[in-house]
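Here is a short report on one protein model. Look at the structure first, then read on.

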Amino acid sequence: MAAPTLRRVGARRAAGLCGLLSRRVHHQPQRAPAAKRLLAAQSERGLFQEVFPAQGAEEGLPALLEPGRPPQAVYCGFDATADSLHVGHLLTVMGLLHFQRAGHNVIALVGGATARLGDPSGRTKEREPLSEELARAHALGLREGLRRLFENHRLLFWPAAGGARLGEVMLQDNAWWLGREPVVGFLCGVGRRLRMGTLLSRQSCQARLRSAEGMSLAEFLYPALQAYDFLHLHRHHGCRIQLGGADQMGNIMSGYELVTKVTGEDVFGITVPLITSTTGDKLGKSAGNAVWLNRDRTSPFELYQFFVRQPDSTIERYLKLFTFLPLPEIEHMMEMHAKEPEKWGPQKRLAAEVTKLVHGKEGLESAKRCTKALYYSNVEALEAMSDQELQELFREAPFAELMLEPGMSVLDLCHKANAIPDGPSGYRKITDGGVSINYIQVTNPETVLVIGQHILKNGVSLLRIGKKNFYIIKWLQL
């Protein structure tokens, strides 16, 4: 029998495949128009790149997802090499969400065990080993991040879909079963069914074997462990579809090979595009350019600004990939953008949709407040900001807590904040116009601080020396 191959999803096939993926699993004729609109939008988003095996795009997968059949289970893995998801993970999350919106059940699998080995795909050298304790902490952070994304989607994006069935979500961790798997038993069971020639032929494996550092046995066995994840989820949750980034196709093939050999059932893999920087580098922790989906690492403002700054060359594609906006609305938005590019309408909408999905309504409002305060010198926005937002917006700025003393002047404030040097040079810094408080320039060092002008209602003063040196002052017991 010929070995299965993969098939890139072209425009026509994408329309059929994405349409089939988007069909409701129960007959709901009263919702047919909404379903048709969803099918039309999905067919052109370009979210699904390749299907494995190739014949699955035309035969097995459509039959599996045809109307009237029970909801299918789809899974995607997220290795716990860090304690947070990043923008590079968003498209696989979007893939799961589109399956869920079509009524199918999704499994977000955290790789608490496989993270300790490290996926060799796309890497030139081995990852630093993770301790069991650190991998466990990372896995906990990833599960929380995934839970928040699915919850924000359900609360903020799904009600507009007309009340149709939303598939169930399950969060899993492969440490829960791989940690209990005996080595000999694993090798006798899984090891006998995966062929060395196939594993060695993978591009990621060959590249590493040719390198000076070579490849460790732990890395070499990574595809086998990921393949076992697919088998475990198939056995225990009926999972027959694996979703992954384009760089995961080799591992998906290994999973297909193992599951079909052990069970004799057809299973399928689908890849989504990789998100790259303007220089073509993959976005992620390993590349050192990650934009995180955790507020402790990347604030809502920083995430918002990342998408606002996307160039025109990528904005339409990103609106299709990262949002649930109808395609006609995106098309209209791009037409308006061509007429009024200075308004950055599509970029702002993209940033708002993604920030709301990741951080919720409050996170989006925070991002907009910070944007107004920083780029528009908006005192009202500054006055409405919390201490957390101020520290996120001015991450490098010193944060000082001071007591307001009677008659305290601008010069006193600058000295107490260690913002200017003592003596004539510090005095001249103020008189020369190099100091502002809450975006208002002050030139008289002896000006007495006034609540409501120099000190905002939230008990904060934003002191700026020169153009870029900020100091956050939190006033106590006003």
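Helices are DSSP runs of H or I with at least four residues, numbered from the N terminus. The model shown here is predicted.

**A surface patch**

Helix α8 spans residues 196-201 and contains Met196. Met196 has a relative accessible area of 49%, so the residue counts as partly exposed. Together with Leu200 and Leu209, Met196 makes a nonpolar surface patch of about 260 Å².

**An open sheet**

Five strands form an open sheet with mixed pairing, in the order β8-β12-β11-β9-β10. Its edge strands are β8 (399-403) and β10 (440-441), and each pairs on one side only. Strand β12 covers residues 469-476 and pairs with β8 in the parallel sense, over five bridges. Met403 has Leu476 in β12 as its bridge partner.

**Aromatic rings**

The structure holds ten aromatic pairs. Two of them are listed here.

| Pair | Type | Centre to centre | Between the planes |
|---|---|---|---|
| Phe186 and Tyr228 | edge-to-face | 5.7 Å | 75° |
| Phe306 and Phe307 | edge-to-face | 5.0 Å | 90° |

Phe186 lies in helix α7 (residues 183-191) and Tyr228 in helix α11 (residues 222-237). The two residues are 42 residues apart, so this pair links distant parts of the chain. Phe186 is buried at 10% relative accessible area, and Tyr228 is buried at 11%.

Phe306 and Phe307 are buried too. Ring pairs join Phe306, Phe307, Tyr318 and Phe322 into a cluster.

**Charges over rings**

Arg101 places its charged end over the ring of Phe324, 4.1 Å from the ring centre. The charged end of Arg297 sits over the ring of Trp292, 4.2 Å from its centre.

How values were computed:
Residues are numbered from 1 along each chain as its sequence is written. This is a predicted model: local features need pLDDT of at least 70, side-chain atom pairs count only at pLDDT 80 or more; totals for chains, interfaces and linings use all residues. Side-chain values use heavy atoms; hydrogens and water are left out. Patches are made of residues with over 30% relative accessible area and no salt bridge: like charges are joined within 9 Å, nonpolar side chains (Val, Leu, Ile, Met, Phe, Trp, Tyr) within 5 Å. Accessible areas come from the Shrake-Rupley method with a 1.4 Å probe; for residues, only the protein chains shown count as cover. A salt bridge is a side-chain nitrogen of Lys or Arg within 4 Å of a carboxyl oxygen of Asp or Glu. Buried means under 20% relative accessible area, exposed over 50%, partly exposed in between (1.4 Å probe, protein chains only). Two strands pair if DSSP finds at least two bridges between them. Rings of Phe, Tyr and Trp (its six-membered ring) pair if their centres lie within 6.5 Å; planes under 30 degrees apart count as stacked, over 60 as edge-to-face and the rest as tilted. A charge sits over a ring if NZ of Lys or CZ of Arg is within 6 Å of the ring centre and within 35 degrees of the ring normal.
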